[in-house]
Structures are given as C-alpha cells and as structure tokens.
Amino acid sequence: MSDSQGLVGRRYELPEPYLVGREHVRAMARALFATNRIHLEVEAARAAGYADVVAPTTFPAVLQDACMQLFLADPDAGIELQNVVHGDEGFRYERPIVAGDELRAVLEITSIKSLGGNSMIAADTVVTDADGGHVVTATATLVVRGEVAA
Amino acid sequence: MPAGWDGRAAEVGDAVTAPTTMTFTRDSLVRYAGASGDFNPIHYRDDIATAVGLPGVLAHGMLTMGAAIQPLVQALGDPARIVSYSTRFTRPVVVDADEGAEVTIDARVGQTAGDDGVGRIDLTVTCAGKTVLGKAQVRARFAPGTDGDDETDARAATR
C-alpha cells in the first residue's frame, strides 16, 4: 500500500462475461434466507414476467467480489484478505439480474484514505448486460486493518 | 403474481412487514461463502479472526445485508420495485460456534413516495439488542403491481 495513491482510478474488469446460472441463483437465494418463489422456481419467475429465476437483491456482490479479487491479487495493492473488512455497501439497480444473463463487470478504485491506522478503499463496480445496458452499480468501501495508505 | 405491499398511502414510521428474526449459524456462513465465493477466513476460522483482532468469527457483511432485505422483498412481491439499497456495516455479527447469532429485522417507511413514485424504507437490523447495520435504506416503488413504466421496462429487459 506504499504507493496506494497510484491505485486510485485503476480498473479491474472480469476477463470474460459472467454467465448467471440458475442453480447459482438458487444457491444464493438459499444462502440469503430468500423465501420469495421468484428466486427459486422458474414457473413463479415466468408468471411474474421474467425469463428465468430472479437473482436475490444483493447478488451483484458476487460480481463485485470477483472484481475485488482481481484488485487484491494486484501486487501493487499488497493486501492480505484476512485484514479486510467491509465498511459499507450500496447498489443502484436498473433491473434485477436473472439466470441466463451474461454480465460484464468493471471495478474502479475511486479513493483511498487513511483513517485511524486503517486504509479505507472505495470502489465502484458497474455491471452491464450482453446488450451493453446498465444493470446495477455497486459501491463499496473496504477497510484494510493495520495498513496505512501513503 | 401477488400484488404486493401498497405504500402509496403509507406514512413515515409505518411498518411494512412484521419484525422477522433469522438465526445465522456457522453453517450459514459456510453456505454463504460457498455460494458467494467470498472465502475470507475471518468468516470460518476462529484462530485467524482472533489473530487479526476481531471478537470472533463474523458473518459476512453481505450475508447480513442480503438476508435483511428478504422480508421486504417478500412483502413487495417483485424485486424490480427496489431502486437502490445501501448500508454501513457498523457492528460485527459475531456467530458463536454453538449458538449462532439471532438477527432481527424491522422495516418501516422512512420517507413517503415522491412524484416519481419512489419512497424510502428503513431497515433496523439488530443482533443481541444492538444495531448491526447503519443507515440501511431501501428506495423502492411504493405502488404495487405493474403500474410503473420503469418497472415494465425492467421486466422487458429481462425477457
């Protein structure tokens, strides 16, 4: 993190489109205590006008996390996963994600601040669909413990 | 498709759903780690959590955030009514290996719908009597069904 300011503005993009699988949607729904049938049953989703099962509301965190792992693997970042805790999170939705979506995700480091011996790393992740349409933007702050940004 | 909660006549402070309690166990954390791909060891290794100065194994913030909105999603009937959702992770949810952790969610109108039909619902999420999410706010379309043009667009985009 010694050269952390050089990381601001850096972008991390998933190397290929992320195909949202039906069973993954169901696994996330079960993990998140989701009870609405729209997340689990294809028929319920189609009756509601969707092409397939609807991903739970915070599913975009999966794409955000995949991008974040690219950042954490960046040798310039020099961050150990176990020192990371999540500070805040926000999503702005254009539409829900559904199984079958092929999504692109790009994370951009927007700021790095030093606070009380920790580093606060803010990042925006923009998720778009196969047509290039905006699906959701996720905004996160990670708190890296015991590391001081330059 | 159930019509879902109608918030057009709702007032600030009105409950959207009855309070809901969920129990997070270590199993819940493993299940979320596997489903989400977030394998930070602070969510399943007591020794590592302690070594980095945490009070114990913590629930993923995104598990708490993602589970906390579920009673509201069920009440609204259609996730496309949700415009935005944000929170701060103000206090960790420590998940005891034996007893787990009970998380309670209360959802109330924080701001009535504006001209665009979108209002705000505030989630109060507590564990052991203390708030664990700060400013957990959901902006949502307060009209049920398919009234809103935006909602129709949202569905069309997924066909």
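In this predicted model, Ile82(B) stands opposite Ala140(B), a residue in strand 6 of chain B.

Two residue pairs illustrate the pairing across the chains. Phe91(A) stands opposite Tyr85(B) in strand 2 of chain B, while Asp88(A) has Arg88(B) as its bridge partner in that strand.

The contact as a whole may now be considered. Chain A contributes 42 residues and chain B contributes 45 residues. The size of an interface is often expressed as the accessible area that is lost when the parts come together. Here chain A and chain B bury about 3,500 Å² between them, and 60% of this area lies on carbon and sulfur atoms.

On the side of chain A that touches chain B, the elements giving two or more residues are helix 1 (22–31), helix 3 (60–72) and strand 3 (84–93) of chain A. Strand 3 of chain A supplies the largest share of that side, namely ten residues. The residues of this side of chain A comprise 21 nonpolar, 13 polar and eight charged.

As for polar interactions, 13 residue pairs are in polar contact across the interface of chain A and chain B, with both residues at pLDDT 80 or more. The count of salt bridges between chain A and chain B, by contrast, is zero.

Key. Residues numbered from 1 in each chain as written. Chains lettered and ligands numbered in written order. Predicted model: local features only at pLDDT ≥ 70, side-chain atom pairs only at ≥ 80, totals over all residues. Heavy atoms only, no water. Contact = heavy atoms within 4.5 Å. Buried area = accessible area lost by both parts, 1.4 Å probe. Salt bridge = Lys/Arg side-chain N within 4 Å of Asp/Glu carboxyl O. Polar contact = N/O pair within 3.5 Å; in protein donor to acceptor, adjacent residues only side chain to side chain. Helix = DSSP H or I, 4+ residues; strand = E, 2+ residues; numbered from the N terminus. Nonpolar A, V, L, I, M, F, W, Y, C, P; charged D, E, K, R; others polar. Pairing = 2+ DSSP bridges.
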